[in-house]
Amino acid sequence: MKFVSIVIGSKSDYEIMKSCSDTLEAFGVQYEMIISSAHRSPERTKEYIKNAEKKGAKVFIAAAGMAAHLAGVLSSQTVKPIIGVPMSASALAGIDALLSTVQMPAGMPVATVAIGKAGAINSAYLAMQILALDNEELAIKLKEDRIAKAKNVEMDSMEIETII
């Protein structure tokens with residue numbers, strides 16, 4: 001079974017990352033979500049990656065704040081695509097997590113999305129775009145979603161123009 005693996009660094013990341021899982025669910029994409037820390041449970045994280053690949057994980061999404069090494073650890077353990085979601089978990093409002101996630105050494109790529117909820121949602125969309133490379137049904141759903149979003153913007157624009 002093909003699925004997206006969502007790994008969150010701590011329970012506090014769940015409320016934001018629920019936006020990711022909700023987005024995947026809306027498109028009928030299978031996923032699993034676990035809590036595993038790059039720092040507090042590194043062996044659990046490594047073991048999970050191996051098991052998830054065996055079960056059919058095609059894309060990994062890693063959400064972590066502060067030092068945010070989770071996406072890098074995942075990247076070091078698999079050649080599957082990794083999407084990093086920096087979380088706002090410190091006084092630096094997620095900038096520290098963003099820099100930790102985006103500054104990967106050459107050969108250890110991590111696609112990095114926005115900090116917080118927008119990043120959580122975009123990580124789901126990016127994972128689905130990767131899966132859609134060989135899933136025409138999902139590709140069609142994503143195209144239809146884009147068309148619907150464009151129509152919503154047009155409708156909003158017409159409402160504002162009417163008011164002005």
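Ser10 is buried, at a relative accessible area of 18%; buried means under 20%, exposed over 50% and partly exposed in between, with a 1.4 Å probe and protein chains only. This is a predicted model, where local features need pLDDT of at least 70, side-chain atom pairs count only at pLDDT 80 or more, and totals for chains, interfaces and linings use all residues. Residues are numbered from 1 along each chain as its sequence is written, and side-chain values use heavy atoms, with hydrogens and water left out.

Ser10 sits in the loop between β1 (3-8) and α1 (14-26). Helices (H or I, at least four residues) and strands (E, at least two) are DSSP runs, numbered from the N terminus. Leaving aside neighbours within four places in sequence, Ser10 is in contact, meaning heavy atoms within 4.5 Å, with Ile35 and Arg40.

Next, Tyr14, which is found in helix α1. Not counting residues up to four places away in sequence, Tyr14 touches Ile8 and Met33. From Tyr14 to Leu70 the separation is 56 residues in sequence and 15 Å in space, C-alpha to C-alpha.

Last, the partner helix. Residues of α1, including Ile16, Cys20 and Leu24, meet residues of α5, among them Ala120, Ala124 and Met128. By class, this contact of α1 with α5 has nine nonpolar, three polar and one charged residues. Ala, Val, Leu, Ile, Met, Phe, Trp, Tyr, Cys and Pro count as nonpolar, Asp, Glu, Lys and Arg as charged, and the others, Gly among them, as polar.
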